[in-house]
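The following note sets out comments on the model in numbered points. Each point takes up one part of the chain.

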Amino acid sequence: MSTAFEGGTPGFLVWRLSMKWRVAVDRAVAPLGLTHAQYALVASLYGMHRAGQRPSQRQLADHTGLEALYVSKLARALETAGLLERARDPRDPRAVRLELTEQGREVTRRAIEVVQGLLHRLLEPLGGLDGARTHQFARELTTLLDVPLPPSTEHAHEKEQS
């Protein structure tokens, strides 16, 4: 175990691990013209399309955990780059549906391969992607992700002021 982080709180360790992952993915997908956030968006969109879904920006925001406004900004940049198309939903004019272009699907497939290789390397200390420790780690992370966030104290304070 690294002594550099020994005694770190779980919150600090999660933060450092998430930052390490973000930097690693940013570096890995940069040659494909993507950032980590753009990768998260196109890879999620790719997976949702493969599952037969054509998500709205809101649904994609909910899926990725990114703010809807940020997803909109990322989608516009990816549309400008020719990687995805945005279209108004004929059933709900407020909703914008997203779909990868052919070029977007190709870039996303390559990016997924690159990130999978990175994931294999980073999970090697836990026995690799299929290791028992990796599966336990994923279960622990899922448990933490399932805990709902408390309501924002900022909003609660605003209600008290009203």
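This is a predicted model: local features need pLDDT of at least 70, side-chain atom pairs count only at pLDDT 80 or more; totals for chains, interfaces and linings use all residues.

1. Strands β1 and β2. Strand β1, residues 84–89, pairs with β2 in the antiparallel sense, and the pairing runs over 6 bridges. The two strands form a hairpin, with 2 residues between them. Two of the bridge partners may be named: A87 is partnered by R97 of β2, and D89 is partnered by D92 of β2.

2. Overall composition. The chain contains 7 helices and 2 strands. Read from the N terminus, the order of elements is α-α-α-α-β-β-α-α-α. Along the principal axes, the C-alpha atoms fill a box of roughly 55 × 50 × 25 Å. Of the 162 residues in the chain, 28% are buried. When contacts between residues at least 6 apart in sequence are considered, 46% join residues at least 24 apart.

3. The largest nonpolar core. This core has 28 residues, and those that touch the most other members are V29, L34, Y39, L41, L78, L84 and L98. Helices α1 (10–29), α2, α3, α4 (68–80) and α5 (102–122), together with strand β2 (92–100), each supply at least two residues of the core. The element that gives the most is α2, with 8 residues. As a general background to this point, nonpolar side chains in soluble globular proteins tend to be buried together.

4. Contacts of L78. L78 is one of the core residues that touch the most other members. Leaving aside residues up to four places away in sequence, L78 touches L34, Q38, L41, V42, L83 and L84.

5. Packing of α2 against α5. The axes of these two helices are 10 Å apart, and the helices pack at an angle of about 105 degrees. That angle makes α2 roughly perpendicular to α5. On the α2 side, the residues that meet α5 are Y39, V42, A43 and Y46. On the α5 side, the residues in this meeting are R105, T108, R109, A111, I112 and V115.

6. The loop residue L32. Where does L32 lie? L32 is placed in the loop between α1 and α2. L32 counts as buried because its relative accessibility is 18%, and the cut-off for a buried residue is under 20%. Not counting residues up to four places away in sequence, L32 touches V107, R110, A111 and V114. With V114, the separation along the chain is 82 residues, while the C-alpha atoms are separated by 9.8 Å.

7. Two serines, S56 and S72. Are these residues buried or exposed? S56 is buried, with a relative accessible area of 7%, and S72 is buried, with a relative accessible area of 12%. S56 is placed in the loop between α2 (36–50) and α3 (57–64), whereas S72 is found in helix α4. Not counting residues up to four places away in sequence, S56 touches A95, V96 and R97. R97 is also the residue of β2 that is the bridge partner of A87. With the same exclusion of sequence neighbours, S72 touches Q57 and R86.

8. Aromatic pairing. What is the count of aromatic pairs? The count comes to 1 aromatic pair. The rings of F5 and F12 have their centres 6.2 Å apart and their planes at 50 degrees, so this pair is tilted. F5 is partly exposed, with a relative accessible area of 32%. F12 is likewise partly exposed, at a relative accessible area of 38%.

Conventions:
Residues are numbered from 1 along each chain as its sequence is written. Side-chain values use heavy atoms; hydrogens and water are left out. Rings of Phe, Tyr and Trp (its six-membered ring) pair if their centres lie within 6.5 Å; planes under 30 degrees apart count as stacked, over 60 as edge-to-face and the rest as tilted. Buried means under 20% relative accessible area, exposed over 50%, partly exposed in between (1.4 Å probe, protein chains only). Helices (H or I, at least four residues) and strands (E, at least two) are DSSP runs, numbered from the N terminus. Contact means heavy atoms within 4.5 Å. A nonpolar core is a set of buried Ala, Val, Leu, Ile, Met, Phe, Trp, Tyr and Cys residues joined through side-chain atoms within 4.5 Å. Two strands pair if DSSP finds at least two bridges between them. Axes are lines fitted to C-alpha atoms, for helices over the stretch in contact, and angles run from 0 to 180 degrees between N-to-C directions. Angles under 35 degrees count as roughly parallel, over 145 as roughly antiparallel, 65 to 115 as roughly perpendicular and the rest as oblique.
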